[in-house]
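Trainee: I would like to go through a structure feature by feature. Please give me the general idea each time, and then the case at hand.

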Amino acid sequence: QLQLVESGGGLVQPGGSLRLSCAASGSGFTLASTAIGWFRQAPGKEREGVSCISSVGSTNYADSVKGRFTISRDSAKNTVYLQMNSLKPDDTAVYFCAAASEWRSRCTLTEFSYANWGQGTQVTVSS
């Protein structure tokens with residue numbers, strides 16, 4: 001059974017950086033074989049898409065994070081990363097990674113495109 005595990009969250013000051021990791025385990029699932037998305041949910045708000053990477057490496061970003069966040073994949077480690085720079089208090093949220101269930105040439109930032117979800121990691125941006 002596929003399990004996604006996020007890590008790398010924490011407390012950071014405004015302007016700081018964090019790198020989140022999404023690792024897959026179980027069932028021989030390869031993250032490079034499908035689309036992986038990062039989503040976040042702040043208290044009292046709906047979950048929103050942040051970034052995604054497709055099976056062929058194409059990427060998408062929410063307007064709010066363009067130029068600050070970078071998604072990447074290390075196939076050898078079966079891990080997808082989200083590098084977050086110039087963090088703002090509005091970036092505070094629980095961050096989730098999610099995997100689609102099939103090969104995707106493109107990726108979207110909509111939740112229904114993803115079948116498998118991790119438990120999330122907290123990111124807090126505060127001075």
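Mentor: Keep in mind that this is a predicted model.

Trainee: Now the disulfides. How many does the structure hold?

Mentor: The sulfur atoms of two cysteines have to lie within 2.5 Å. The structure holds two such links. One is between Cys22 and Cys97, with an S to S distance of 2.1 Å. This pair links distant parts of the chain, as Cys22 is in strand 3 (residues 18-25) and Cys97 is in strand 9 (residues 93-99), 75 residues apart.

Trainee: What is the handedness of the link of Cys22 and Cys97?

Mentor: The angle about the S-S bond is 65°, and the link of Cys22 and Cys97 is right-handed. As for accessibility, Cys22 has a relative accessible area of 0% and is therefore buried. Cys97 also counts as buried, because its relative accessibility is 0%.

Trainee: Where are Cys52 and Cys107?

Mentor: Cys52 and Cys107 form a disulfide, with 2.1 Å between their sulfur atoms. Cys52 sits in strand 5 (residues 48-53), and Cys107 sits in the loop between strand 9 and strand 10 (116-117); the pair links distant parts of the chain, 55 residues apart. Here the angle about the S-S bond is 75°, and the link is right-handed. Cys52 and Cys107 are both buried.

Trainee: What pattern do the disulfides of the protein chain follow?

Mentor: Count the bonded cysteines along the chain, and the pattern is 1-3, 2-4.

Trainee: Let us turn to salt bridges. How many does the structure hold?

Mentor: The test is a side-chain nitrogen of Lys or Arg within 4 Å of a carboxyl oxygen of Asp or Glu. The structure holds six salt bridges. Among them is Arg40 with Glu48, where the closest N and O atoms are 2.7 Å apart. Arg40 is at 6% relative accessibility and so counts as buried, whereas Glu48, at 35%, counts as partly exposed.

Trainee: Which residue does Arg68 form a salt bridge with?

Mentor: Its partner is Asp91, and the closest N and O atoms are 2.7 Å apart. The pair links distant parts of the chain: Arg68 is in the loop between strand 6 (59-61) and strand 7, and Asp91 is in the loop between strand 8 (79-84) and strand 9, 23 residues apart. Both Arg68 and Asp91 are buried.

Trainee: Which residues are linked in a network of salt bridges?

Mentor: Salt bridges link Arg40, Glu48, Arg68 and Asp91 in a network.

How values were computed
Residues are numbered from 1 along each chain as its sequence is written. This is a predicted model: local features need pLDDT of at least 70, side-chain atom pairs count only at pLDDT 80 or more; totals for chains, interfaces and linings use all residues. Side-chain values use heavy atoms; hydrogens and water are left out. Helices (H or I, at least four residues) and strands (E, at least two) are DSSP runs, numbered from the N terminus. Buried means under 20% relative accessible area, exposed over 50%, partly exposed in between (1.4 Å probe, protein chains only).
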